[in-house]
Protein chains: 2
Amino acid sequence: MNKPVSTKKTAGLGQKRNRDVNTKRILTAAEQCFAQLGFKGATMQAIADLSGIPKANLHYYFSSKEVLYRKVIEDVCEHWLAAAHFFDETDDPAEALAGYIGAKMDQARNRPNGSKVWAMEMLSGAPVIDGYLQGALKPWLDQRTRKIEHWISQGKMDAIDPRTLFYMIWATTQHYADFSQQIYVLNDNKALSDGQFEQAKQQVSQIILVGVGLGGETFDD
Amino acid sequence: MNKPVSTKKTAGLGQKRNRDVNTKRILTAAEQCFAQLGFKGATMQAIADLSGIPKANLHYYFSSKEVLYRKVIEDVCEHWLAAAHFFDETDDPAEALAGYIGAKMDQARNRPNGSKVWAMEMLSGAPVIDGYLQGALKPWLDQRTRKIEHWISQGKMDAIDPRTLFYMIWATTQHYADFSQQIYVLNDNKALSDGQFEQAKQQVSQIILVGVGLGGETFDD
DNA sequence: GTCTATAACCGGATAGAC
DNA sequence: GTCTATCCGGTTATAGAC
């Protein structure tokens with residue numbers, strides 16, 4: 001749909017930059033295609049059309065469809081971790097959880113396709129992402145689980161199972177990206193407005209915080 | 001993988017029954033294949049192998065891959081509604097929500113592939129399921145939204161947004177089916193045991209009920 | 001580095017014997 | 001009703017001109 005940044009050889013200085021730009025365009029288009037259609041369903045032709053880069057050039061930048069897919073997944077993983085650190089910015093459980101939930105909600109809103117690719121991968125049994133789950137996500141979760149257990153032992157929050165809590169946070173926040181079509185229909189065939197989304201964000205935070213015994217001053221209105 | 005119920009013509013009485021059995025086997029295999037691989041990724045050959053029925057016979061029972069897929073989706077929709085009525089079995093908000101959450105959790109555990117096909121459809125933008133969302137799910141949600149608002153006006157529960165609550169319930173319960181691979185890895189590469197699952201069920205109920213101001217006696221242990 | 005044309009392959013669907 | 005063999009369209013990937 002879009003025009004490629006430069007056709008034919010512009011040989012010389014701006015070339016590496018050109019390569020980066022094209023690579024980025026391809027990755028963005030691929031993320032969208034894979035998100036909606038799955039690995040098999042997305043075609044190189046569709047990715048080419050969407051990115052505005054000829055199909056054969058995709059194979060110039062990425063040796064195969066699978067290599068392209070793995071690169072998309074890698075980016076999504078990095079993106080996941082980007083929100084993860086919000087949990088550690090404070091030692092107050094209410095602040096940590098509210099900050100983390102807010103960050104995950106914003107991610108779902110701002111980069112829904114990343115969330116969808118992740119979901120697709122999980123549905124497929126995580127063939128590509130598996131190593132990342134073991135090597136990065138599991139250690140992250142184990143550590144935060146201990147942090148929550150510590151807060152519980154200090155009487156700062158209710159004695160809930162930390163894993164259930166995290167699964168709930170992940171599921172709920174990612175739902176706003178992954179099931180956006182369902183939300184769209186249930187919202188009278190209208191996308192959530194910024195106001196509606198902000199309200200949802202506040203509500204999700206409120207219900208979860210209150211649910212784990214942190215029902216303090218977490219609302220805005 | 002499995003052997004077909006009967007090869008060659010057994011002509012006569014048991015035939016219609018035979019047809020039903022084969023149809024059922026195909027649908028079960030198809031549900032699994034579509035859940036893991038998406039519409040395009042699942043091949044008629046794979047469905048044939050898994051059901052133990054020759055590929056050509058699939059086309060005898062279902063005229064095309066799309067017809068087969070639509071039938072799978074229909075079954076999944078019926079299944080969705082099957083849990084929906086648990087919400088209406090009582091006028092007590094805590095009982096209604098706990099019963100509904102429990103039913104949805106059990107569904108996720110007992111028929112994960114149904115949940116995955118649903119999720120896949122949503123990620124793809126719900127091309128097939130759209131009419132059902134408009135015609136059945138939206139009315140259902142609108143009605144239950146009013147019920148919750150009624151309870152809120154009676155002071156029986158906190159003034160939360162009913163939609164956010166339902167999205168949270170759907171997302172969290174379905175997470176146990178859709179993201180089972182992630183849960184598997186995070187649970188030390190072991191599937192959740194029955195005990196772990198029951199605990200998760202209780203925890204989800206507890207956090208949500210407490211979260212909306214229904215923190216009474218909802219636990220077992 | 002880029003693009004057009006094509007090779008090689010695979011999957012859905014059908015024809016036609018039994 | 002069931003199964004084997006086959007056709008045809010579509011997809012990935014590459015060869016080779018520019």
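Some ground rules. Residues are numbered from 1 along each chain as its sequence is written, and chains are lettered from A in the order in which they are written. Because the model is predicted, local features need pLDDT of at least 70 and side-chain atom pairs count only at pLDDT 80 or more, while totals for chains, interfaces and linings use all residues; side-chain values use heavy atoms, without hydrogens and water.

I start with two helices of chain B. Helix H8 (residues 162-178) and helix H10 (residues 194-211) of chain B pack at an angle of about 170°, with axes 12 Å apart. Helices here are DSSP runs of H or I with at least four residues, numbered from the N terminus. Axes are lines fitted to C-alpha atoms over the stretch in contact, and angles run from 0 to 180 degrees between N-to-C directions. H8(B) and H10(B) are therefore roughly antiparallel, a word used for angles over 145 degrees. On the H8(B) side, the contact (heavy atoms within 4.5 Å) is made by B:Leu165, B:Ile169, B:Thr172 and B:Tyr176. H10(B) brings B:Phe197, B:Ala200, B:Val204 and B:Ile208.

Now the rings. How many aromatic pairs does the structure hold over all chains? There are 36. Rings of Phe, Tyr and Trp (its six-membered ring) pair if their centres lie within 6.5 Å; planes under 30 degrees apart count as stacked, over 60 as edge-to-face and the rest as tilted.

Take A:Phe166 and A:Trp170: their ring centres are 6.1 Å apart and their planes at 40°, so the pair is tilted. The two residues are 4 apart in helix H8 (residues 162-178) of chain A, and are thus separated by about one helical turn. Buried or exposed? A:Phe166 is buried at 0% relative accessible area, and A:Trp170 is also buried at 0%. Buried means under 20% relative accessible area, exposed over 50%, and partly exposed in between (1.4 Å probe, protein chains only).

In chain B, the rings of B:Phe34 and B:Phe39 have centres 6.0 Å apart and planes at 15°, so this pair is stacked. B:Phe34 is buried at 1%, whereas B:Phe39 is partly exposed at 35%. The charged end of B:Lys65 sits over the ring of B:Phe39, 4.9 Å from its centre. For that, NZ of Lys or CZ of Arg must be within 6 Å of the ring centre and within 35 degrees of the ring normal.

Note on methods: Parallel < 35°, antiparallel > 145°, perpendicular 65-115°, else oblique.
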